[in-house]
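Welcome, and thanks for taking a look at this one with us.

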Amino acid sequence: MSNTSIASGQDAEILTHVDAGVMTLTINRLDKKNSITAAMYAAMADALESAHHDAAVRAVVIQGHETIFSAGNDIGDFLNKPPSTPDSPVFRFLRGISSFTKPVVAAVCGPAVGIGTTMLLHCDLVYAGDNAAFSMPFVNLGLCPEAASSLLVPQLMGYARAAEALLLGEPFTAETALEMGLINRIVPPAEVNALAQQQARKLAAKPMSSLIETKRLMKKGNASVVAERMAEEGASFGRMLAEPAAREAFTAFMEKRKPDFSAV
Ligand code: COA
């Protein structure tokens, strides 16, 4: 296939590029640490939808920047236009990636906060830079887990380590992520995107029907419970966004001060 870009301009906050059977989504909002707005979730959800229908797309890569994968949800958006219905872009993206039938490869360098980590639970292969730092600080923000991470993180790491990651919100390194099976390999940051691309192209050259069926069978045991949990988390998350603990956490972040949870 020729080099096709179905992206808008190079300044788009989600760059979408298709080449050699691989759709690459690049989170491109470096000045805000690749935090993700509703518009960016919508762009990613739309891209996955189009990748699903486009026979020319045989694998997807999600990547950020060599210094940061994503600072998670845009906190200003959480304050001003919180996702309030199941059709909100963030939930549309999460349903899209968790039920995506073709292989998804992620390339992660630097911080991967919140959904920056939880979206990886739905990727098939994850390559990380040795500077990667994973964290799910939902409790620190007065929220609860999303992306079925309340189910998948304990399944992956065991309850004890999940409690450190989800209750304390403690970050963990690429080495820990590798040992726990969240990621496949650690390489120098400058090599991560190329490795993800190489692996995605390997996948794209394989028989699509076998890939799709194998992925479906591997995920089958968890598929309906993941969808159910994601919906339940989404309802709680949506409610908690409007509650005092989250309002205090977001306001504190915007005002660059420590949150005061003594009243919540
Ligand atoms: N939403 C909105 N803006 C964000 C953001 C987010 N999640 N994360 C970072 N930014 C913005 C900062 O407000 C700052 O903007 P400014 O230059 O206009 O002041 C800019 O990005 C740079 O962020 P800064 O915190 O100075 O960068 P850093 O290199 O010191 O730290 C992080 C990087 C990712 C560790 C830190 O930004 C962070 O912890 N972000 C919040 C993560 C979070 O809680 N996400 C929500 C998860 S659900």
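A polar contact here is a pair of N or O atoms within 3.5 Å; within protein, one of the two must be able to donate a hydrogen and the other to accept it. With that in hand, the side chains of Thr 26 and Gln 63 are joined by a polar contact of 3.0 Å. Please keep in mind that this is a predicted model.

**The ligand and its surroundings**

- The ligand sits in the second largest pocket.
- How many residues surround the ligand? There are 13, and the closest are Lys 32, Ala 71, Asn 73, Ile 75 and Lys 256.

**Polar atoms facing the ligand**

- The side chain of Lys 32 places an N or O atom 2.5 Å from an oxygen atom of the ligand.
- Lys 33 also takes part: one of its polar side-chain atoms is 3.2 Å from a ligand oxygen atom.
- With Asn 73 it is the backbone that matters here, as a backbone N or O atom of Asn 73 lies 3.0 Å from a nitrogen atom of the ligand.
- Taken alone, the ligand exposes 880 Å², and the protein buries 64% of that area.

- Most residues other than glycine have a negative phi.
- Lys 33, which is not a glycine, has a positive phi of about 55°.
- Lys 33 is found in the loop between strand 2 (22–27) and helix 1 (38–53).
- Ala 147, again a residue other than glycine, has a positive phi near 65°.
- Where is Ala 147 placed? Ala 147 belongs to the loop between strand 7 (133–135) and helix 5 (149–157).
- Is Ala 147 buried or exposed? Ala 147 counts as buried because its relative accessibility is 1%, and the cut-off for buried is under 20%.

- Thr 26 is part of strand 2.
- At 15% relative accessibility, Thr 26 falls under the 20% cut-off, so Thr 26 counts as buried.
- The partner of Thr 26 in the 3.0 Å side-chain contact is Gln 63.
- Gln 199 lies in helix 8, which spans residues 189–204.
- Gln 199 is buried too, because its relative accessible area is 10%.
- Which residue does the side chain of Gln 199 contact? The side chains of Gln 199 and Lys 202 form a polar contact of 2.8 Å.

Methods. Residues numbered from 1 in each chain as written. Predicted model: local features only at pLDDT ≥ 70, side-chain atom pairs only at ≥ 80, totals over all residues. Heavy atoms only, no water. Near = heavy atom within 4 Å. Areas by Shrake-Rupley, 256 points an atom, 1.4 Å probe, with all protein chains shown as cover. 1 Å grid on protein atoms, 1.4 Å probe; cavity = no way out; pocket = protein on both sides within 12 Å on 5 of 7 lines; lining within 4 Å. Sits in = over half its atoms within 2 Å of the grid points. Helix = DSSP H or I, 4+ residues; strand = E, 2+ residues; numbered from the N terminus. Buried < 20%, exposed > 50% of the residue type's maximum accessible area, 1.4 Å probe, protein only.
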